[in-house]
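I open this notebook to record what I looked up in one protein structure.

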Amino acid sequence: MPQSRIADKPTIIPDGLELLVDGQTIKIKGKKGELSLNLPEYLEVYTDNNELMIKSKEGVVKRGSDEKRLKALRGTFTSHVRNMIKGVTEGYQKELEITGIGYRAQLQGKNLVLNIGYSKPVEFPVPEGITIEVPQPTRVVVKGIDKYKVGEVAARIRSLRKVNVYSGKGIKYVGESVLRKEGKKV
C-alpha cells in the first residue's frame, strides 16, 4: 500500500525568511507577517542550513500502531509548516462570486455588507488577519497569510446564501460548478 512521503523530504526555507524554533514552537516570519505552530511533545524539529525536518522523538514508539500514527502526524505537521512558509512569503486568497438579480457586496468600514435576497442586508465582520476586497459588486476576494483562516472565512461567507440548484442564485467559489436541476414539468 503506497504511503505519503511528505515528511521524509526536507522542507527548504527560502532566503529572507526568519525561522525560530523554541522547544515545541515554530515561528516563521516573512515579508507578509508572522505565524507560529505548536508541535506535540512526541515530535521534534531539526534544522540544518536552510532545511527543516520534523521527526518523532526517540523512545516514543511503544507498539506498531503508534508508529503509523506518528508517521501520519509527521506528514501533517510538515505540511502545516510548508503552508506557513507559503503564507508568509506569497499569501493565500479565495475568490467568491455572487449570482442573482440585485445580489451585491460592498465594504463599509470593517464590515462586508451583502445584499443577497433577504429583507435586510447581511453584515459580515472582517476577522483580524484577513483582508477582504470587493473589485466588483458581484465578486469578493478573501486574502490572508493563514491558509486555514482564509478558507474558513470564505466558507462562512459562502454559507450565508448557498447556491439554489433550481435558479442558480447565491454565493459560490469562482470556478465552482453547480449542478442545476430542472423544475417541475406541467
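The entries below concern the domains, the contact between them and the salt bridges.

Entry 1, basis. I worked from a predicted model, in which local features need pLDDT of at least 70 and side-chain atom pairs count only at pLDDT 80 or more, while totals for chains, interfaces and linings use all residues. Residues are numbered from 1 along each chain as its sequence is written, and side-chain values use heavy atoms, with hydrogens and water left out.

I found the protein divided into domain 1 (11-90) and domain 2 (92-173), with bounds that come from an automatic or database domain assignment. I noted 33 Å between the C-alpha centres of the two domains. From the unreviewed UniProt entry I took the annotation "domain: Large ribosomal subunit protein uL6 alpha-beta", which covers residues 13-91 and 100-173; such annotations may be inferred rather than shown by experiment, and feature names are shortened, with positions in the numbering used here. For residues 100-173 I recorded 18% helix and 42% strand, with the end C-alpha atoms 14 Å apart.

I looked up the area that domain 1 and domain 2 bury between them: about 500 Å², 63% of it on carbon and sulfur atoms. Buried area is the accessible area (1.4 Å probe) lost by two parts on being put together, summed over both. In domain 1, I listed Leu-35, Asn-83 and Gly-87 as losing the most area to domain 2, together 64% of what that side buries. Strand 4 (34-38) and helix 1 (64-89) each supply at least two residues of this side; these are DSSP runs (helices H or I, at least four residues; strands E, at least two), numbered from the N terminus.

I applied the rule of a Lys or Arg side-chain nitrogen within 4 Å of a carboxyl oxygen of Asp or Glu. I noted the pair Glu-97 and Lys-172 (3.8 Å, N to O). Glu-97 lies in strand 7 (residues 92-99) and Lys-172 in strand 13 (residues 170-173), 75 residues apart.
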